[in-house]
Amino acid sequence: MVTANRSRISTTGSICAGTFEAKRAVDVTRQIRIVWKPVVFLCSLVPLALILTDIYGIGGSLGANPIEEIQDRLGNWGLRFIMIALAVTPIRQLTGRNWIGQFRRMLGLFAFSYVFLHFLSWLILDQEMKWSAIAEDIFERPFITIGFAALLMLLMMAATSTAAARRRLGRTWQKLHNSVYAVAILGVWHYWWQVKKDVSEPLLYAALLSVLLGYRLWYRRRRRLGQRIALES
Ligand code: HEM
C-alpha cells in the first residue's frame with residue numbers, strides 16, 4: 001500500500017517536472033521570438049546601415065574607390081555571416097543550449113542577403129550591367145566563376161529555407177542545405193584568389209573554417225562510434 005502510494009507520488013512528481021520543463025521551453029521560445037530575434041535582426045543590419053551612411057557622407061567615407069569599398073565590405077560581411085551561421089550548431093552542441101539553433105535560419109538569410117548585395121554592387125556599379133562583359137567575367141575569371149557558383153548555391157538554400165519547403169523536401173532538404181560547407185569553402189577560395197599581396201585575412205577565414213569543419217567531422221565520427229557501441233551492447 002505504502003509502495004503504491006510512493007510510486008503514485010513519484011509519477012505525479014515527474015509529470016509536474018515535465019509540465020514545468022515544457023512551460024519553460026515555451027517561455028524561452030516566446031522570449032526569443034519577441035526580444036532576441038528582433039535584436040539579432042537589427043544588429044545584423046548595422047553593417048548595411050554603416051555602408052549607407054558612408055554613401056551619403058553622414059558617418060565616415062568610402063575612400064578613393066567607393067565602388068570597390070562597397071563591394072568589399074558587402075563581400076566581407078557575406079563571408080562573416082556564413083561563418084557565424086556555421087558556428088551556430090557547434091556552439092549549440094557544446095553548450096547544450098538548444099535555443100541557439102533558432103537563430104540559424106535568420107543568420108543564414110543574412111549571409112545570403114549580404115552576398116547577393118555584393119553581387120548586385122558588382123553587376124550594377126562595377127559592370128554597369130553590360131551583359132557581354134558580365135558573361136565574360138563569369139566564365140573567364142576563375143575567382144568570379146567560383147563566387148558565382150557559391151551564390152547560386154546560397155540562392156537555392158535561401159529559396160528552400162521555409163518550414164514548408166523543409167517538410168516538402170524531406171531528407172533531400174538536409175542534403176541540399178549541407179551545401180553550406182561547399183559555399184563556405186568556395187567563398188574563402190574566392191577571397192584568397194583575388195587578393196594580390198597580403199593573404200592574412202583570407203588565411204584567418206580559412207583557419208576558422210578549418211576549425212568549424214574539423215569540429216563537424218569529429219562530432220559525426222563520435223556519434224557514429226556511439227551508435228555502433230550501443231548496437232553492439
Ligand atoms: C558566397 C559568395 C561570395 C562571397 C562569400 C564573396 C566574398 C568576397 C570577399 C570577402 C571579397 C574580398 C573583399 C576584400 O577585398 O576585402 C570579395 C571580392 C570580390 N567579389 Fe565576391 N563573394 C562572393 C560572390 C561573388 C560573386 C557572385 C561575384 C560576382 C559575380 C563576386 C565578385 C567579387 C569581386 C569582383 C571582388 C573583388 C572586389 C575588388 O575589386 O576588390 N563575388 N568577395
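## Ligand shell

Four helices, α2 (66-95), α3 (104-126), α5 (142-159) and α8 (179-194), each contribute at least two residues to the shell around the ligand. The structure is a predicted model. Of these helices, α2 gives the largest share of the shell, with 7 residues.

In total, 22 residues surround the ligand, and D72, G75, G147, A150 and G187 are the closest. Sorted by class, the shell holds 11 nonpolar, 9 polar and 2 charged residues.

## Packing of α5 and α8

Two packed helices are described by the angle between their axes and the distance between the axes. For α5 and α8, the axes come within 9 Å and cross at roughly 155°. Because angles over 145 degrees count as roughly antiparallel, α5 is roughly antiparallel to α8. The crossing of the two helices is left-handed.

On the α5 side, the contact is made by P142, F143, I146, G147, A149, A150, M153, L154 and M157. The residues of α8 in this contact are S179, V180, A182, V183, L186, G187, W189, H190, W193 and Q194. By class, the contact of α5 with α8 comprises 14 nonpolar and 5 polar residues, with no charged ones. G147 and A150 of α5 and G187 of α8 take part in the contact, and these residues are also among the closest to the ligand.

## Overall fold and dimensions

The protein has 9 helices and 0 strands, giving the pattern α-α-α-α-α-α-α-α-α along the sequence.

The C-alpha trace spans about 85 × 45 × 35 Å along its principal axes. The radius of gyration of the protein is 23 Å, whereas a compact globule of 233 residues would have one near 17 Å.

Methods
Residues are numbered from 1 along each chain as its sequence is written. This is a predicted model: local features need pLDDT of at least 70, side-chain atom pairs count only at pLDDT 80 or more; totals for chains, interfaces and linings use all residues. A residue is near a molecule or strand if its C-beta atom, placed from the backbone, lies within 6 Å of it. Ala, Val, Leu, Ile, Met, Phe, Trp, Tyr, Cys and Pro count as nonpolar, Asp, Glu, Lys and Arg as charged, and the others, Gly among them, as polar. Axes are lines fitted to C-alpha atoms, for helices over the stretch in contact, and angles run from 0 to 180 degrees between N-to-C directions. Angles under 35 degrees count as roughly parallel, over 145 as roughly antiparallel, 65 to 115 as roughly perpendicular and the rest as oblique. A crossing is left-handed if the near helix is turned anticlockwise from the far one by less than a right angle, and right-handed if clockwise. Two residues are in contact if their C-beta atoms, placed from the backbone, lie within 7 Å. The radius of gyration is taken over C-alpha atoms; the globule rule is 2.2 Å times the number of residues to the power 0.38.
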